[in-house]
Amino acid sequence: MATTEECRAALDKLSDSMRDAEGDVRSATELDRSVSCHITDLDVTFAGRMAEGRIDVRETLEGPPREKAEIRLAMTGDDLVALVAGELNFARAWGSGRVRLEAGLRDLFRLRKLL
């Protein structure tokens with residue numbers, strides 16, 4: 001089982017990858033939205049902001065998110081680490097329910113470029 005530190009490192013790596021993206025993927029990362037990622041098996045939530053092509057994690061909270069972020073993710077720590085490492089396909093994980101992504105319809109259309 002992935003630790004809280006490994007999950008935080010995976011989010012930092014994802015943020016770095018987003019910053020370095022180009023083309024359509026880069027345009028999808030340029031949203032300015034609140035974001036939360038609930039790690040279900042650890043019952044920890046990383047909350048922050050997606051802006052300027054990065055994810056800025058501002059808080060690590062025990063339990064589920066306290067506020068409803070504009071972009072919300074939920075998954076196990078192992079799935080987060082595997083997604084960021086390229087070992088788990090996001091679209092398949094989302095379609096099977098292993099990963100939950102909730103956002104407004106317009107944001108979902110933009111975020112699909114990241115998939």
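Where is the place of Glu52? Glu52 sits in the loop between S2 and S3, and one of the views below shows it.

This is a predicted model, in which local features need pLDDT of at least 70, side-chain atom pairs count only at pLDDT 80 or more, and totals for chains, interfaces and linings use all residues. Residues are numbered from 1 along each chain as its sequence is written, and side-chain values use heavy atoms, with hydrogens and water left out.

**View 1. The whole protein chain has five helices and five strands.** Helices (H or I, at least four residues) and strands (E, at least two) are DSSP runs, numbered from the N terminus. Along the sequence the pattern reads α-α-β-β-β-β-α-α-β-α. The radius of gyration, taken over C-alpha atoms, is 13 Å, close to the 13 Å of the globule rule for 115 residues, so the chain is as compact as a globular protein of that length. That rule is 2.2 Å times the number of residues to the power 0.38. The C-alpha atoms fill a box of roughly 35 × 30 × 25 Å, taken along the principal axes. Of the 115 residues, 41% count as buried. Buried means under 20% relative accessible area, exposed over 50%, and partly exposed in between (1.4 Å probe, protein chains only).

**View 2. The largest nonpolar core holds 28 residues.** Such a core is a set of buried Ala, Val, Leu, Ile, Met, Phe, Trp, Tyr and Cys residues joined through side-chain atoms within 4.5 Å. Phe46, Ile71, Leu73, Met75, Leu80 and Val99 touch the most other members. Several elements each supply at least two residues of this core, including helix H1 (4–19), strand S2 (44–51), helix H3 (77–85) and strand S5 (100–103). In soluble globular proteins, nonpolar side chains tend to be buried together.

**View 3. Helix H3 has buried residues that pack against H1, S1, S4 and H4.** Gly77, Asp79, Leu80, Ala82, Leu83 and Val84 are buried in H3. Leu80 touches Cys7, Ala10, Leu11, Ile39 and Met75, not counting residues up to four places away in sequence. Contact means heavy atoms within 4.5 Å. Just after H3, Gly86 takes a positive phi of about 80°.

**View 4. Asp43 lies in the loop between S1 and S2.** Is Asp43 buried or partly exposed? Asp43 is partly exposed, with a relative accessible area of 36%. Asp43 touches His38, Leu61, Glu62, Gly63 and Pro64, leaving out residues up to four places away in sequence. Asp43 is not a glycine, yet has a positive phi of about 50°. Most residues other than glycine have a negative phi. Asp43 and Ala103 are 60 residues apart in sequence and 21 Å apart in space, C-alpha to C-alpha.

**View 5. Glu52 is in the loop between S2 and S3.** Glu52 is exposed, with a relative accessible area of 72%. Glu52 has a positive phi of about 55°, although it is not a glycine.
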